[in-house]
Amino acid sequence: MSANDLIADMLTRIRNANMANFEKVDVILTRMNRSLADILKEEGYIRDYQVIQDDVQGVLRLYLKYDEDGRPVINGLKRESRCGLRRYVKHDEIPVIRNGLGTSILSTSKGVVSGEQAAKLHVGGEYICSVW
């Protein structure tokens with residue numbers, strides 16, 4: 001499978017797996033996708049992830065998280081900066097998602113971090129996506 005925007009592909013696969021109540025979902029392994037998985041795990045949106053090496057690209061297996069009623073923890077994912085229109089924010093303009101109930105994810109000079117971490121580090125960057 002060939003995809004132009006691997007981040008959007010990852011977010012779409014997570015969104016579709018959540019709607020189908022899958023336990024896990026496989027995405028293409030890239031450094032950016034792995035960094036996004038790290039943040040999703042830190043923020044409590046996924047249970048865990050596993051890196052599976054194969055002969056081609058590698059697979060990142062995400063284990064999705066559901067509450068006690070069986071509803072997905074991730075209610076929404078939105079790709080903010082895309083290939084055709086990059087979106088950058090300054091450290092004092094980092095958006096607050098759902099009054100603090102969501103997370104913005106940025107690619108900064110300090111690496112891929114959540115919006116809260118970027119504000120603490122006083123760095124801005126490319127506004128990759130938001131999760132709530």
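**Entry 1: pocket**

I took a pocket as an open set of points on a 1 Å grid over the protein atoms alone, where a 1.4 Å probe fits, with protein on both sides within 12 Å along at least five of seven lines. I took its volume as the space filled by probe spheres set on the points, which are joined across faces, edges and corners. The model is predicted: local features need pLDDT of at least 70 and side-chain atom pairs pLDDT 80 or more, while totals for chains, interfaces and linings use all residues. Residues are numbered from 1 along each chain as its sequence is written, and side-chain values use heavy atoms, without hydrogens and water.

I found a volume of about 240 Å³ for the largest pocket. Its lining (residues with an atom within 4 Å of a point) holds 16 residues, of which Gly102, Thr103, Ser104, Gly115 and Glu116 are the closest to the centre. Strand S6 (103-108) and helix H3 (115-121) are the elements that give two or more residues to this lining. H3 supplies the largest share, 3 residues. Helices (H or I, at least four residues) and strands (E, at least two) are DSSP runs, numbered from the N terminus.

**Entry 2: sheet**

I looked up an open sheet of 3 strands, which has the order S1-S3-S2 with antiparallel pairing. Two strands pair if DSSP finds at least two bridges between them. Strand S1 (24-28) and strand S2 (46-52) are the edges, each pairing on one side only. The twist averages 25° from one strand to the next. S1 and S3 pair over 5 bridges, and Lys24 has Tyr63 in S3 as its bridge partner.

Helix H1 (residues 6-19) packs on the sheet, touching S1 and S3, at about 170° to S1. Helix H2 (residues 31-42) lies across S1, S2 and S3, at about 155° to S2. Axes are lines fitted to C-alpha atoms, for helices over the stretch in contact (heavy atoms within 4.5 Å), with angles from 0 to 180 degrees between N-to-C directions.

**Entry 3: Val73**

I located Val73 in the loop between strand S3 (59-64) and strand S4 (77-79). Val73 counts as partly exposed because its relative accessibility is 27%; buried means under 20%, exposed over 50%, and partly exposed in between (1.4 Å probe, protein chains only). Leaving aside neighbours within four places in sequence, I found Val73 in contact with Gly44, Tyr45, Lys65, Tyr66, Asp67 and Trp132.
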